[in-house]
Amino acid sequence: MRKLHCLLILIGLIAVLLTSCEEEYIPKTDTDLQKIVVEAYIEKSEEGIPPYVILTKSLPFYTDFGLNILDQLFIHDAKVFINTNNQKVELQEICLNEVPAELRESLAKRFGLNLDSVSVNFCVYVDIQGLLQISEGIEYRLNVYADNDSVMSTGVIPPLVPIDSIWFEDVPGKPLDSFLQLFCKIVDRPVEKDYYRYFTAGEGEALIPNFSSVTDDYFFNGQSFKFILQKASAPGEDFNETTGYFRKGDSIEIKWCVIDKSQFDFWNTLEVSRTRQGPFSSYVRIDGNISNGLGIFGVQNCKYYKMVVPN
């Protein structure tokens, strides 16, 4: 009994010593380690959207986040080039505050911004003159030079796999008199691996991706595939019984894109990470394709569908 008592005292002393030697770990937040963050796209579509690049800086782990910080994140006066074997095009920087008022609304809608809630001077580098020739199968190289640093990436626009047919059906289960669900069918290419991403817009809304917006053709490669296409929900939007359905009588728009693997990997890992919340969730590393930086250089082949939801 005496030996057991002494053993317990010894264990207690060791625990006290170990606890007293414990130091708080604070991650390094050296601002010199900030990286260039890229969101860039080249899109082949009938809409004629010019190639664009959004440049910001990464934030240290411990940062007081606010509107004043957002304005400081945009990288200005950078040199941004998109090259092919036959072309070298420099993109020009434009900011929302510099755009005439009559054009701001259309520009904001294209980038999924709500002018009523945007208080940041949103800036983007754009091929304003439409000089870059956009075609399938050509390798595009992005080069950015800013703040004594540089980043680069490459991408090839894949062939388009359009939506073969679109139709609406009643919502299953509890009837919703004012809403319908949307069905699509595509004919996937055999042999080749395809990757897809989609956006939707309701009546008077901007095109936005859904919280789960990408898929590959692992389960339907080379097949005629029928699926439900949900109406995209904005980040933070409350989930309710009408989520994912389209309101009867609304004029809606669908943007359907075939993307390359690197863009699929980026959005797939990012969207999975958004679902991993809480202290017991596992960490997900975002797979970007920017060399020496962070973010995505996306090349995509898209088609837009506009329709009215039947009553």
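Modeller: Here is a conversation about what the terms mean in this chain.

Modeller: First, a caution: this is a predicted model, where local features need pLDDT of at least 70, side-chain atom pairs count only at pLDDT 80 or more, and totals for chains, interfaces and linings use all residues. Residues are numbered from 1 along each chain as its sequence is written, and side-chain values use heavy atoms, with hydrogens and water left out.

Biologist: What is the mean pLDDT of the chain?

Modeller: The term pLDDT stands for the predictor's confidence in each residue, from 0 to 100. Here the chain averages 85, and 79% of its residues reach 70 or more. Residues 3–22 have a pLDDT below 50, and this stretch has zero contacts in the model beyond near neighbours in sequence. A contact means heavy atoms within 4.5 Å.

Biologist: How many helices and strands does the chain have?

Modeller: There are four helices and 16 strands. Both are DSSP runs numbered from the N terminus: helices are H or I with at least four residues, strands are E with at least two.

Biologist: What is the order of the strands in the open sheet?

Modeller: The eight strands follow the order β5-β6-β2-β1-β16-β15-β11-β12, with mixed pairing. At the edges are β5 (92–95) and β12 (208–216), each of which pairs on one side only. From one strand to the next, the twist averages 30°.

Biologist: How do you know that β11 and β15 pair?

Modeller: Two strands pair if DSSP finds at least two bridges between them. Strand β11 (residues 195–201) and strand β15 (residues 251–259) have seven bridges, so they count as paired, in the antiparallel sense. Within this pairing, F199 stands opposite K255, and Y198 has W256 as its bridge partner.

Biologist: What about β11 and β12: which way do they run?

Modeller: They run antiparallel, joined by five bridges.

Biologist: What makes β11 a mostly covered strand?

Modeller: Buried means under 20% relative accessible area, exposed means over 50%, and partly exposed lies in between (1.4 Å probe, protein chains only). In β11, seven of its seven residues are buried. In a regular strand the side chains alternate between the two faces of the sheet. Here Y195, R197, F199 and A201 are buried on one side, and Y196, Y198 and T200 are buried on the other.

Biologist: Which helix lies across β11?

Modeller: That is α4 (residues 261–275), which also lies across β1 (36–44), β12, β15 and β16 (294–308). Helix α4 runs at about 120° to β12. Axes are lines fitted to C-alpha atoms, for helices over the stretch in contact, and angles run from 0 to 180 degrees between N-to-C directions.

Biologist: Why is the link of C95 and C123 called a disulfide?

Modeller: A disulfide is a pair of cysteine sulfur atoms within 2.5 Å. C95 and C123 have an S to S distance of 2.0 Å, so they meet the definition. The torsion about their S-S bond is about 110°, so this disulfide is right-handed. The pair links distant parts of the chain, with C95 in β5 and C123 in β6 (residues 123–126), 28 residues apart.

Biologist: Why do C95 and C123 count as buried?

Modeller: C95 has 6% relative accessibility, so it counts as buried. C123 counts as buried because its value is 4%.

Biologist: How many disulfides does a search of the whole structure find?

Modeller: The search finds two. The other pair is C257 and C302, with S to S at 2.1 Å. C257 in β15 and C302 in β16 are 45 residues apart, and both are buried.

Biologist: Why is G293 called buried?

Modeller: G293 has 15% relative accessibility, so it counts as buried. This glycine is found in the loop between α4 and β16. Leaving out residues up to four places away in sequence, G293 touches I36 and V151. The C-alpha atoms of G293 and I36 are separated by 5.2 Å, although these residues are 257 apart along the chain.
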